[in-house]
Structure formats: structure tokens, C-alpha cells
Protein chains: 2
Amino acid sequence: MKSNKKLEILICNDDGITAPGIYHLIQAAKEFGNLTIVAPDSPQSGMGHAISVGKPLRLNKVHLEGETEGWACSGTPVDCIKLATGVILKHKPDLILSGINHGANSSINIFYSGTMSAAIEGAIEGIPSMGFSLLNWSMDADFTASKEIVKILLQKFLENPFPPHVALNVNIPDLPFERIKGIRITRQAQGRWVEEFDHRKDPYGRDYYWLTGKFCLEEEGEDTDIWALENGYVSVCPVEIDATAHHAIPSFNMWRLPHHFEHPSQVEEKF
Amino acid sequence: MKSNKKLEILICNDDGITAPGIYHLIQAAKEFGNLTIVAPDSPQSGMGHAISVGKPLRLNKVHLEGETEGWACSGTPVDCIKLATGVILKHKPDLILSGINHGANSSINIFYSGTMSAAIEGAIEGIPSMGFSLLNWSMDADFTASKEIVKILLQKFLENPFPPHVALNVNIPDLPFERIKGIRITRQAQGRWVEEFDHRKDPYGRDYYWLTGKFCLEEEGEDTDIWALENGYVSVCPVEIDATAHHAIPSFNMWRLPHHFEHPSQVEEKF
């Protein structure tokens with residue numbers, strides 16, 4: 001029974017080890033197990049599933065509030081998970097928690113999110129993983145309700161099996177707990193960013209661009225993460241690591257790609 | 001009919017605008033349409049779906065071999081696609097081609113790959129997109145066979161519909177064309193990297209780590225990308241942008257999460 005032992009929990013984020021969000025995640029999770037914190041030493045928002053291929057990584061031990069010890073890593077959120085499981089931890093953790101992110105990671109934002117990429121890396125490594133995001137970008141955001149949601153999900157994790165190679169993408173509306181209606185299992189809403197670059201000139205007359213944009217929801221389903229959040233619910237969306245578009249395989253079979261080339265040398269061999 | 005008009009093709013990669021792979025992709029694609037090349041100004045391998053959130057982006061016009069004009073971008077592969085469709089191009093391109101990557105992007109490597117993230121960004125934006133990778137990391141790799149494969153797929157693209165919001169992940173074995181057996185539609189093999197960090201000391205006695213590792217295939221299916229490549233076939237794997245683990249939703253429904261909280265104020269309201 002999971003509930004009879006203390007969990008070994010690995011904690012990461014993408015806003016950096018000093019962000020309020022990870023502090024509140026630690027506060028919510030500490031009663032559930034032994035925590036190991038490995039997080040970026042600087043903000044890594046928008047890093048997606050990036051890893052450090054061409055540069056070495058540093059790990060520095062840091063003392064967080066209370067007795068909690070952590071490691072600040074010079075790399076990306078995914079680097080943190082790889083270093084934690086490959087170097088720091090003696091055994092595979094029971095659970096990875098990532099966040100609490102300052103800002104939403106619903107719909108296709110999961111692709112850009114370092115928070116969710118850390119959780120997805122956990123799922124790739126076969127470790128149950130959850131990413132948490134609060135719909136408030138501010139460093140002064142109120143994480144009181146988020147901590148309650150984290151605790152509810154950790155209690156449910158203790159009581160239930162977790163399907164293999166899946167991560168949970170948990171998004172929390174920016175509401176006081178008493179105004180959050182409930183928790184819904186959702187699917188990723190279809191949408192995209194419509195880019196509106198802020199085009200400027202530097203002091204030397206040369207162009208540069210800031211990436212901005214507006215999120216554009218492309219569907220109206222009521223079982224999506226966006227619908228849940230807009231209607232006052234916490235969204236819990238299970239995330240896949242098999243990226244194959246299985247539904248599209250029949251369409252591409254219709255392309256009649258040459259499954260076997262008839263190379264001249266092979267043709268000659270027939271005679 | 002797609003085949004009666006010249007395609008508008010956007011070309012990107014992650015090895016950088018001066019890499020041999022993108023040069024050979026341009027050579028293979030140019031007979032099919034008007035090309036716009038927007039690629040990183042430096043190598044961006046392993047950047048995954050990273051975007052530049054906190055820093056401005058530069059775009060510099062460069063002259064490539066022949067009359068081809070391109071833009072070197074200071075950002076990631078996904079930044080390149082966003083700048084191309086948001087700033088450089090007047091109209092949505094008909095097709096995005098990314099690569100040809102120096103090295104494989106099969107199985108879960110799709111998550112780390114900047115090449116495939118550029119193609120996936122295209123799929124998010126509703127543009128048919130294909131990423132190409134050759135199973136040879138060397139800058140001196142022979143792209144002769146790869147160019148033939150690109151041409152075959154572009155011809156098939158002209159003749160067939162392309163399902164919406166899907167990208168193709170094309171991996172090409174490092175073989176002369178006459179030894180490539182054929183082209184297979186595949187699914188992503190289940191596997192992961194087993195990390196083996198190279199732990200060193202810098203001249204000041206401080207630790208640092210290089211990320212290395214060994215790919216570990218975790219299944220034996222004969223319909224996977226890895227199987228195709230190991231058996232001399234080109235792998236064409238359709239890739240999804242809906243990351244929802246639909247198959248896992250029933251498992252999480254069993255968690256009986258509180259769909260509706262009974263907040264004290266609501267309870268009071270009942271009386």
C-alpha cells in the first residue's frame with residue numbers, strides 16, 4: 001500500500017528555485033514524504049523540453065526556508081530531472097511534482113512549458129509525475145488555494161494507482177478556494193497563439209522583435225482544460241508521451257509510399 | 001489541385017542556417033516551389049519546443065549558395081517558425097520543411113528535437129509540416145539518399161491530402177539510396193535515455209556535469225520507427241499535437257476527484 005510508506009518526492013519547476021510557486025509546492029507536499037528539490041538557478045519559462053547538449057551543467061546545494069535542502073541547477077527543467085534521477089538520487093523517486101507555475105499551462109501551452117516538460121520527462125523515465133500551474137503570472141500571486149489542490153491530489157495519489165508513462169497537467173484557476181467549484185478530468189483544448197511581434201529599433205537603428213501574442217481557442221468543447229478553468233474548475237489533464245498521431249496513419253497509408261524500392265541491382269538479381 | 005501551383009515552402013532546422021543538412025534540404029525542395037529559409041544563426045540541437053520569452057529576437061538577411069535568400073534568427077527553431085509566419089511571410093506557407101537534421105529523431109527524441117519542434121509548431125499553426133533527420137551526426141554526412149527521400153515525399157504531398165494538425169517525423173537510415181529498402185509509416189517506439197553523466201572537476205576544484213547517455217529501447221514492435229530504421233527502411237511517423245492521454249482518462253476518473261466542492265458557504269446557503 002502506497003499509503004503506508006513515506007513517499008520519496010522529487011520537486012522541480014521552471015520559474016527557478018527562488019520562485020514563490022516552488023516554495024508553496026514544498027509547503028503543500030512536505031507532509032506526504034521526503035522531498036528532494038532540484039530546480040533551475042534562474043527562470044526557465046518557455047524552455048519546453050530543451051536539454052543542454054553543448055554545455056556543461058552545474059549543481060549547487062542551496063538551503064531553502066526551514067530545513068529543506070535543494071540543488072540549484074544551471075540547466076533547463078528537463079536537465080534538472082535528468083540530473084536528479086541520474087546523479088543526486090540513489091533510487092527512483094515515487095513521484096515528481098513540478099511547479100507551482102506562475103501562469104497557465106493549458107491547451108497547447110504544454111509544448112512551451114518547462115514546468116510540464118519536467119513532468120513529461122518524469123513520465124518518460126517511468127515515474128508518476130504531476131505539473132501544477134496557477135492562472136496568475138504575478139510573483140505576488142496567492143497560492144493558498146493551490147496548496148489545498150496539491151494536497152487533495154497527493155492524497156488521491158496515495159489511494160489510487162497511477163497509469164504508467166502518463167503525466168498530469170494540473171491547472172488551477174486564480175480564485176480563493178471557496179470559489180473554486182471542483183476538480184475535473186479534462187482533455188487538452190485545441191487552440192494556438194496568434195503571434196503579434198513587438199517590432200522595435202535598437203539605438204543603432206537595427207530591428208529587433210519581442211515575441212507577444214494572443215491565445216486563440218479553436219473549439220467549444222465542454223470537456224477541455226480551458227472550459228474547466230473558465231468555469232471555475234481545476235483542470236486535471238492526463239498527458240501522453242506517445243506523440244504518434246495514430247488516427248492519421250490510415251490517411252498516410254493512402255499516400256502509397258514505396259514500401260519496397262525496386263533498386264536496379266535488385267531487378268538485375270532477378271534475371 | 002496542389003500539383004498545378006508552385007508551393008510556398010518555409011524551411012527551418014535546428015543545426016543552424018550554415019549546416020550542410022539545410023543546404024541539402026534546399027537543394028531537394030527548390031524544384032517544388034518558392035522557398036523561404038528562416039533558421040537559427042547558431043546550433044540549437046536539443047532545444048525542444050523552447051521559445052524566447054525573456055529576450056528580444058534578431059533577424060538578419062543572409063545570402064545562401066545560389067540565389068537563395070534566407071534569414072538567420074537569434075532564437076530557437078520554434079522562434080524561427082513564429083517569426084517566419086508572423087513577420088516575414090505575407091501569407092501562410094503551403095508547407096514547412098525542417099532539417100535535414102544531423103542525427104536521428106526517432107522514438108522519444110522527438111521531445112528534445114528542435115528540428116521536430118519546428119515542424120510541430122507548424123502543425124499547431126495549421127500548416128502541413130515535415131521534419132527530416134539522417135541517422136548520421138557528422139557534419140560530413142552524405143545527404144545524397146536523403147535528398148531522394150525528400151523528393152519522393154514532396155511528390156506524394158503534391159498528390160495527396162495532408163491531415164490537419166499533424167506533422168511528419170521522417171527519419172532516414174545512413175545508407176546509400178540503393179541499400180534503402182523502402183519507406184514505412186510507423187509509430188513512435190517506446191524507449192528512453194539512460195543518463196550517464198560525465199562528472200568532472202573544473203580547474204578550481206568545482207564539480208560540473210556533461211549530459212551523456214545510452215538510448216534504451218523498451219519494446220519489440222515491428223511497426224515502430226526504430227524497427228524500420230534498424231531494418232533499412234525510412235521511417236515516416238505522423239505526430240500529434242493533442243498531448244492528452246485519452247486512454248488514461250478512465251483510470252483518473254476512478255480517482256473520484258471532487259467534481260463539486262461542498263464549500264461551507266454553499267452548505268449554509270442550503271438552509
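The model is predicted, with local features needing pLDDT of at least 70 and side-chain atom pairs pLDDT 80 or more, while totals for chains, interfaces and linings use all residues. Residues count from 1 along each chain as written, and chains are lettered from A, ligands numbered from 1, in written order.

I looked up the contact next. B:His24, B:Leu25, B:Gln27, B:Ala28 and B:Ala29 of H1(B) meet B:Ser146, B:Lys147, B:Val150, B:Lys151 and B:Leu154 of H5(B) (contact: backbone-placed C-beta atoms within 7 Å). I sorted these residues into five nonpolar, three polar and two charged.

Then I took the geometry. H1 (residues 20-29) and H5 (residues 144-159) of chain B pack at about 45 degrees, axes 9 Å apart (axes fitted to C-alpha atoms over the stretch in contact, angles from 0 to 180 degrees between N-to-C directions).

I moved to chain A. Its open sheet has nine strands in the order S3-S4-S2-S1-S5-S6-S7-S13-S8, with mixed pairing (strands are DSSP E runs of at least two residues, helices H or I runs of at least four; pairing takes at least two bridges). S3 (59-63) and S8 (182-185) of chain A each have a single partner, so one side of each lacks a neighbour in the sheet. I noted an average twist of 25 degrees from one strand to the next.

Last, I checked S8(A). S8(A) pairs with S13 (residues 233-240) of chain A in the parallel sense, over four bridges. A:Ile183 stands opposite A:Val234.

Key: Contact = placed C-beta atoms within 7 Å. Nonpolar A, V, L, I, M, F, W, Y, C, P; charged D, E, K, R; others polar.
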